[in-house]
Amino acid sequence: MNITTLLHERIAAGDIRIDVRKSRGWSPWHQHGLVDHDVTVVTPGDKEAFLWTVKRFREAHCHYALVGGGTSTSKPPTADVQIETKCLDTLFIDDAALELVVGAGVTVDAAEAFVAEKGWTLGQWLGSGATATIGGSIVTNAMGILAGRYGNLRDAATSIEIVDASGNAAWVSAREVFETAGPTMLTVRLPLWLSPNGRALARFAGVGSPFTAIRQIVTARLQPAHLSVVQGGTVTVIAEGETHLETARYQLIAAILQKHGGQPEQLLDQTAHWETMLSNNPWTQNSGGGYWADRITVAAEWGSYSSVLDHWTHHATSTGATLTWRAVNPTVTGFTFVFDVAVPAVSDEPEWITDARSG
Ligand SMILES: Cc1cc2nc3c(=O)[nH]c(=O)nc-3n(C[C@H](O)[C@H](O)[C@H](O)COP(=O)(O)OP(=O)(O)OC[C@H]3O[C@@H](n4cnc5c(N)ncnc54)[C@H](O)[C@@H]3O)c2cc1C
């Protein structure tokens with residue numbers, strides 16, 4: 001069938017472009033099933049031209065396939081004619097319904113970026129999100145890293161605009177769409193969720209072996225903005241950055257800490273936490289006189305950190321000093337101890353500390 005002849009009046013009007021390309025296979029991402037043959041790619045300029053094209057192909061019994069981002073990893077039906085969906089680019093928020101109305105040809109990341117500007121999220125974070133479209137992702141039942149929390153796009157869609165049997169656009173329920181074989185989707189309605197706060201602080205008490213737990217976290221390359229252990233064993237985590245990726249990272253960190261017996265502190269007062277962090281420094285004790293106090297940082301490796309801790313604890317105990325410690329900034333090789341040392345009845349740094357510092 002000659003596609004140029006079939007679509008000639010709209011090609012001439014400039015509403016539709018056609019392009020014959022060598023197809024390297026059913027997906028540019030895949031090396032399997034390579035077929036090197038000519039494919040006619042039809043690119044309608046807008047939704048109306050898209051509908052017109054679909055109608056014309058159906059009337060002419062011309063077999064065609066739709067192409068979104070072309071990232072599908074399952075083999076779509078083969079066709080020598082492909083219609084690109086990128087003209088299906090509707091994008092607005094229905095404030096009353098709290099839904100995004102999004103064209104099937106919009107990429108998943110573009111939809112997320114659009115709603116993020118208004119403080120919302122769809123909760124859809126796919127590895128292929130920069131290229132994969134809403135339509136293609138619904139057809140392939142794709143799911144992102146936060147699907148456990150938000151569901152996937154197919155679960156989320158409330159209603160979908162399709163091309164009906166007579167070739168017109170019609171809104172139907174998502175369930176009806178999935179009961180229809182090979183529906184052509186034009187627009188989708190997706191619920192909006194409030195985007196989580198960009199910075200989150202959490203504390204886990206009762207972690208059985210906090211050093212093992214934080215070592216596992218950093219070895220798994222789950223490096224949050226802040227991860228520390230205080231003397232009592234409580235672990236503090238601060239997730240900060242791109243909200244959804246941080247949420248996913250935080251969930252994995254929380255899972256590790258919970259496996260070690262940690263319980264998240266439910267009623268954590270974030271403001272009070274920061275105020276305590278800022279005001280709690282050892283030097284305040286120096287102002288009263290008759291005291292020597294300092295904060296000392298000591299690098300420790302995973303293989304020998306307990307001897308570092310024993311060394312400092314032993315000296316502190318035998319000299320009547322008080323020693324409070326935190327372990328911060330863990331990496332795959334080690335971490336840093338922060339020792340707050342306070343020695344009564346002296347005003348200069350004790351010798352054992354000077355030696356330990358220089359050693
Ligand atoms: C690098 C990479 C990373 C990936 N990451 C993930 C991931 O994190 N999670 C995951 O689940 N998958 C992932 N995938 C798989 C793939 O991205 C998904 O299946 C994807 O969402 C498909 O979308 P698409 O727009 O590329 O679809 P396409 O490949 O263009 O099309 C897929 C199918 O949908 C049909 N279709 C497209 N648009 C419409 C429409 N408007 N109406 C009706 N039918 C239509 C096509 O005809 C085809 O049958 C990844 C793939 C790659 C290559």
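Two strands pair if DSSP finds at least two bridges between them. On that basis, β17 and β18 form a hairpin with five residues between them. The structure described here is a predicted model.

**Hairpins and their strand partners**

- In the turn of the β17 and β18 hairpin, N329 has a positive phi of about 50°.
- Strand β17 (residues 322-328) is joined to β18 by seven bridges, and the two run antiparallel. Within this pair, T322 has A342 of β18 as its bridge partner.
- Strand β18 (residues 334-344) also pairs with strand β16 (residues 291-301), in the antiparallel sense and over eleven bridges. Here the bridge partner of A300 is F335 in β18.
- A further hairpin is made by β13 and β14, with four residues between the strands. In this hairpin G233 takes a positive phi near 100°.
- The pairing of strand β13 (residues 226-230) with strand β14 (residues 235-240) is antiparallel and comprises four bridges. V229 stands opposite V235 in β14.
- Strand β13 is joined to β17 as well, through three bridges in an antiparallel arrangement. V229 takes part here too, with A327 in β17 as its bridge partner.

**The five-stranded open sheet**

- Five strands form an open sheet with antiparallel pairing, in the order β5-β6-β10-β8-β9.
- The edges of this sheet are β5 (91-94) and β9 (169-173), each of which pairs on one side only.
- On average, neighbouring strands of the sheet are turned by 20° against each other, direction ignored.
- Strand β8 (residues 159-163) runs antiparallel to β9 and is joined to it by five bridges. One of the residue pairs is S159 with S173, the latter in β9.

**The shell around the ligand**

- There are 29 residues around the ligand, and G68, G69, S72, G135 and G136 come nearest.
- Two or more residues of the shell come from each of the elements β3 (65-67) and α5 (134-139). Helix α5 gives the most, with four residues.
- By residue class, the shell around the ligand holds 13 nonpolar residues, 16 polar residues and no charged ones.
- Domain 1 (3-84) and domain 2 (91-194) each supply at least three residues to this shell.

**The largest nonpolar core**

- The largest nonpolar core has 37 residues, of which I134, M185 and V188 touch the most other members.
- The elements that give two or more residues to this core include the helices α3 (47-59), α4 (108-116), α5 and α7 (153-156). Strands β3, β6 (99-103), β8 and β10 (185-191) likewise give two or more.
- This core lies between domain 1 (3-84) and domain 2 (91-194), because both give residues to it.

**The start of the chain**

- N2 lies in the segment before α1 (3-6).
- N2 is exposed because it has 8 other C-beta atoms within 10 Å.
- N2 and C62 are 60 residues apart along the chain, and their C-alpha atoms are separated by 9.9 Å.

Methods
Residues numbered from 1 in each chain as written. Predicted model: local features only at pLDDT ≥ 70, side-chain atom pairs only at ≥ 80, totals over all residues. Axes fitted to C-alpha atoms, helices over the stretch in contact; angles between N-to-C directions. Near = placed C-beta within 6 Å. Nonpolar A, V, L, I, M, F, W, Y, C, P; charged D, E, K, R; others polar. Domains from an automatic or database assignment. Core = buried A, V, L, I, M, F, W, Y, C linked by C-beta atoms within 7 Å. Buried ≥ 20, exposed ≤ 12 C-beta atoms within 10 Å, placed from the backbone.
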